Amino acid sequence: MRMLAAVMYNQGLPAPYEQSQPFRIEEVELEGPADDEVLVEIRAAGLCHSDLSQVAGLRKRKLPVVGGHEGAGIVREVGRSVKTLKEGDHVVMVGVSDCGHCQMCIEGRPVLCNSVAWSRSEGLLPNGNRKLSRQGVPLNHYSGVSSFAQYAVTMPQTLIKVDASVPLDIVAMFGCAVVTGAGSVFNAARVRPGQNVVVFGLGGVGLNAVMAAKLSGAGRIVGVDIHEGKFALARDLGCTDCVLATDPDIVQQIQALTHGGVDFAFEVSGSKPAMETAIAVTRKGGEVIGVGLGASGDLYAYDHARLVSEEKVIRGSFLGSGVPARDLPVYVDYFREGRLPVDRLKSGTMGFEQLNRNLDMLAKGDVVRQILLPHGA
């Protein structure tokens, strides 16, 4: 079929993106699903800070590529061997898919699947297929999803069925922002009642970490950001305190608020200064959870003697360190029960023609989550 999609041909184009136009809105061709694939009509796709990182070239991708890794839609066709989904199902799309048989999958860590990591880096679906092209020129898939399009062909492992009563423009955020932020709290840290936490970066992922920390019964929940305008929403969603990242006495402020330091520091921005502060404000025996991805190959410094003598832990958390097929339905139930108000993160909707402009708004910190509606409102 022919459809509209947002295609990126170059990384590293300068801001403002409304002028440099890193995404070109073009008519592309999409091949129908093979026996083990699924055709999804994409009804909503979230614009994420990871998209900004790709546009800036912090992490290289096979080009040209149809963008988008966070989305939701309706199944329109399934291959003959697909048994877990059917036409008409509402699904959330996740940027990882598991093979089910590598060491990581067997150990119950599908987000670290060895097989899918290769296909994702090569711009392919997990089965090695490429379904996108334009005028005979192959186009790459973004994280096996490519949700900045009207339709997508993907693998059933990338799709998780959700209750049709939940609006798809809200469901879209669960595939990355929710599963990453909330999962880092529930799965990586396993925050317990009364423990103190700090979250560096109050965007979509960070605010989901805040909501999950509140749901976990955390004591002090300190939010940190360079934009003071985010603090009102952060407090509404669970922060007991908010601190500007640029305050020169930020370490002393957080230590005073948490009686010497936090049990868990969640670094969501990928910023080196934020990571340094996160380590400094973590108490003895506490943990720093690295959630935000910096540029590929970047090295972060720390005081090794202090790490050892204070028995701190530095660990990564990719896509919430969980099992999306298990976790996402639970998170959706939390939303339906009013305990995880993900809808509060929605800053607005947009069409294709506004995509590059909204990259600028996201980069400036003016929005939390803008939702692309590929078929219009």
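**Figure 1. L319 sits in the loop between β16 (313–316) and α12 (324–336).** Helices (H or I, at least four residues) and strands (E, at least two) are DSSP runs, numbered from the N terminus. The model is predicted: local features need pLDDT of at least 70, side-chain atom pairs count only at pLDDT 80 or more, and totals for chains, interfaces and linings use all residues. Residues are numbered from 1 along each chain as its sequence is written, and side-chain values use heavy atoms, with hydrogens and water left out. L319 has a phi near 50°, a positive value in a residue other than glycine. Most residues other than glycine have a negative phi, and most peptide bonds are trans. L319 is buried, at a relative accessible area of 9%. Buried means under 20% relative accessible area, exposed over 50%, and partly exposed in between (1.4 Å probe, protein chains only).

**Figure 2. Q135 has a positive phi of about 50° and is not a glycine.** The residue lies in the loop between β7 (132–134) and β8 (137–141). Q135 is exposed, with a relative accessible area of 63%.

**Figure 3. The peptide bond from A15 to P16 is cis.** Its omega is near 0°. P16 belongs to the loop between β1 (2–8) and α1 (17–20).

**Figure 4. The peptide bond from L63 to P64 is cis.** Here omega is near -5°. P64 lies in the loop that runs between α2 (49–56) and β4 (65–66).

**Figure 5. Helix α2 carries the buried residues D51, L52, S53, Q54 and V55.** Their cover includes β1, α1, β2 (23–30), β3 (38–47) and α13 (355–363). Contact means heavy atoms within 4.5 Å. G57 follows α2. The phi of G57 is positive, near 85°.

Figure 6. A disulfide is a pair of cysteine sulfur atoms within 2.5 Å. C176 counts as buried because its relative accessibility is 6%.

**Figure 7. C239 has its closest cysteine sulfur in C242.** The distance from the sulfur of C239 is 4.4 Å, which means too far for a bond. C239 counts as buried, at 6% relative accessibility. The structure holds 0 disulfides.

Figure 8. For 377 residues, a compact globule would have a radius of gyration near 21 Å; the chain has 20 Å, which agrees. Of the 377 residues, 56% count as buried. Among contacts between residues at least 6 apart in sequence, 71% join residues at least 24 apart.

**Figure 9. The accessible surface of the protein chain comes to about 15,500 Å².** Carbon and sulfur atoms hold 49% of this area. Areas come from the Shrake-Rupley method with a 1.4 Å probe; for residues, only the protein chains shown count as cover. The mean positions of the 37 positive and 40 negative charges are 2 Å apart. Lys and Arg count as positive, Asp and Glu as negative; His and the chain ends are not counted. Each charge is placed at NZ of Lys, CZ of Arg, CG of Asp or CD of Glu.

Terms used: Rg over C-alpha atoms; globule rule 2.2 N^0.38 Å.
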